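Come along and follow my entries next to the picture.

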Amino acid sequence: MSTEKKTLDRADITNADTEAGEVLVIPLEKAGIDQQAASKDKALGLLATHHVNFDPSSIEAKRVLRKIDMRIMPMVFVVYMLQLMDKNSLSFAAIMGIKTDCHLTAKQYSWLGSIVYFGYLGGEIPATFLMQRFSLSKYFSIMCMLWGVVVAMHAVCHDFASLATVRFLLGAIEVCTAPAVIYITGSWYTKSEQITRVAIWYTTSGWANVFGGLFAFAINQAKTFKWQGLFVFYGCLTFCTGIILFFFLAASPTQASWLTDEEKTIALERVRENKTGSEVWRFNKSQLFECFTDIRFYMMFLLLVSTGLPNGGLTAFGPSIIASFGFNTDQSTLLNMGSGACTVVGTIMALYLAKFTGRTIAGCYTLCLSCIGVIMMFVIPAEHYGARYGGYILTQQFGVCVLFIITFLTAGIGGSAKKFAFGCAYQLGYAVGNIIGPQTYVAKDAPNYYPAKYTMLAFLLFTIFLLASYGLIHKMWNNKRDKQDILDAQNGIVHEHIENEEFADLTDFKLRSFRYPL
C-alpha cells in the first residue's frame, strides 16, 4: 500500500482531509524536539539549506561511497588492530622473558591479564561522558596517542607493581575505542553496508595475531631487549596513528573537510534510512532511562561477559596454550599467526552466511564451531598435538560472533545517548568477562588447563542462547510493528512524521518506522 505524505501543523490535523495510510509531516520545531540541541546539529542545518535528488544507485552516490571507504575504513581498520595488538602484546612478552625479568609468579601474570579490564571499568563512564562533551574524532585521536605512550612505558617496568600500573592505565585510556568506532561506522554506512564494513575492521581480531606473531618472531631474534623492544615498537606505531587520526578522521559526514557540501548532503541522505542519526547530541536523561526499560541493554552486557571470558583467557594464555602442545617459542609465535589467519577466513565465511541467513544465525554458527574446537582440545590425546592445535584454531572462531553483536548496536539502536549507553554496557560486559577469564587459568592446572576449558565451553553455550534470544526479540518487535501498520492503514489512522526525524536524535522506541536488524 502506498503511503502519502502531507506537511501540516499539529493544529491542522483534526481538520485535515486525510486518507487511510496517509502520513502527516510535522515541522521539527513543532514536534517537541530539543530545539537548542537541534540548532547545533550540523546534519539538520545542512539538510535545511542543501537539497539533492538522491538516488542510491546513481554514479554520484557510488562515487561518494568509494570516497568514504577510502578515507574512513583504513583509519578504523588500523586503529582497531593496534588496539588489539597493544592489549595482546603481554601474551607474546610472556614467552619472550617478561615473567623472569620482572619476577612474576603465575598468579601475578594472570592478574596482569585482568587488570587492564579494571581500567576499562574505571574509564568507561568518564569516556562515555567525554565522547558526548567534546568532538568525538579529536577526543578519540588524543586517547590513541596517550595509550601509545602507555604501551611504550611497559618497557621500563621491572616488577609486578609497575606493570600493573601501566596495564590499568592502558585499559582506562583505550576503553573509548570500540564505542567510538561503532558510532563512526553507524554514522557513515547504511544498515545493509554496516555488516560488511564491521566485518572488514573486525577481521583485525585475526590480523592482530598475524602481525603480532610476525613482529614478535622478528624481535625475538634479538639477543637482548626482546619484550621491551616489542612494547616500544607497538607504542610508537600507536602514537603515530593517533596523530594521523587527529588531522584526518571525521566522526560524521558534516565533519569531513574532504567532502563538498553537496557530497556531505549525499552522504547524509545515504544513511537517512538507518533512522539512527549521524551527530552526537548532548546527554539526554530520558534516553538513559529508556535503556533501563530495554531488555536488550542487559542482554548486551551478558553477551559481552560470556564472550569476554574466553577472550580474556586466550588473550593472556593463547601462545602459552600453543606452547603446551609441544612447540618452542619461535614455533608458538608463528603458529599464533596461523590461528589469526584462520580467524580472518572464518570472518569472511560468516559474513557470506549472514548475507543469506541473517546476523543471528551466522553468529550462532561461529559459536558452534568454537564449541567443537574446545571439545577437540579435551578429547584428542596429547601426542596428536597437530590435531589439538586444529581444535585451538576452531576455538578462536567464537570472536567472530562479536561482529554481529556490534552490528546489532550500529543498526538496532536509535538516539545518541541511548547508543552510548548501550556501548557502555558493551564495554563493561567485555571488561567483566575479560577480568574473570584469566583467573580461570590456575598454575596447578598447567599445562592443559582443563577447568578453564570447561568454563569456556559453558559460557560459549550460554552465548548461543543469548544471541538467539536477542535475534528472536528483534523479529518479534518487527512483526508487531508491521501488523500495527497494517491495522492502522485499514482503520484510517493518520500518523505523524517529524521532518528529518531520521536525524532528530530519536530513539528506536520513539520512531514508529524503525525496524530492527535480524
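**Entry 1: two helices passing**

I began with a pair of helices and found that α16 passes α17 in a left-handed crossing. This is a predicted model, so I keep that in mind for every entry. Two packed helices are described by their axis angle and the distance between the axes. I looked up both: the axes of α16 (residues 359–379) and α17 (residues 385–395) come within 7 Å and cross at roughly 150 degrees. Angles over 145 degrees count as roughly antiparallel, so α16 is roughly antiparallel to α17.

**Entry 2: charged pairs**

Side chains of opposite charge can pair when their charged atoms come close. How many salt bridges does the count come to? I got 15.

I picked out Arg 197 and Asp 69, whose side chains meet in a salt bridge at 2.8 Å, N to O. Arg 197 lies in helix α9 (residues 191–202) and Asp 69 in helix α3 (residues 59–94), so this pair ties together parts that are 128 residues apart in sequence. Are Arg 197 and Asp 69 buried or exposed? Both are buried.

My next pair was Lys 87 and Glu 174, in a salt bridge at 3.8 Å, N to O. Lys 87 sits in helix α3 and Glu 174 in helix α7 (residues 160–174), 87 residues apart. Buried means under 20% relative accessible area. Lys 87 counts as buried because its value is 2%, and Glu 174 does too because its value is 0%.

**Entry 3: a network**

I then looked up Lys 418 and Asp 294, which meet in a salt bridge at 3.2 Å, N to O. Lys 418 lies in helix α19 (residues 416–439) and Asp 294 in the loop between α13 (285–292) and α14 (295–324), so the pair ties together parts that are 124 residues apart in sequence. Both Lys 418 and Asp 294 are buried.

**Entry 4: a nonpolar patch**

A nonpolar patch of about 740 Å² is made by Val 149, Met 153, Val 156, Phe 239, Ile 243, Ile 244, Phe 247 and Phe 248. Helices α6 (136–153) and α11 (226–248) are the elements that give two or more residues to the patch. Which element gives the most? I noted α11, with five residues. I also checked Met 153, which lies in helix α6. Met 153 counts as partly exposed because its relative accessibility is 38%.

Notes
Residues numbered from 1 in each chain as written. Predicted model: local features only at pLDDT ≥ 70, side-chain atom pairs only at ≥ 80, totals over all residues. Heavy atoms only, no water. Patch = residues over 30% accessible without salt bridge, like charges linked within 9 Å, V, L, I, M, F, W, Y side chains within 5 Å. Areas by Shrake-Rupley, 256 points an atom, 1.4 Å probe, with all protein chains shown as cover. Salt bridge = Lys/Arg side-chain N within 4 Å of Asp/Glu carboxyl O. Helix = DSSP H or I, 4+ residues; strand = E, 2+ residues; numbered from the N terminus. Buried < 20%, exposed > 50% of the residue type's maximum accessible area, 1.4 Å probe, protein only. Axes fitted to C-alpha atoms, helices over the stretch in contact; angles between N-to-C directions. Parallel < 35°, antiparallel > 145°, perpendicular 65-115°, else oblique. Left-handed = near helix turned anticlockwise from the far one by under 90°.
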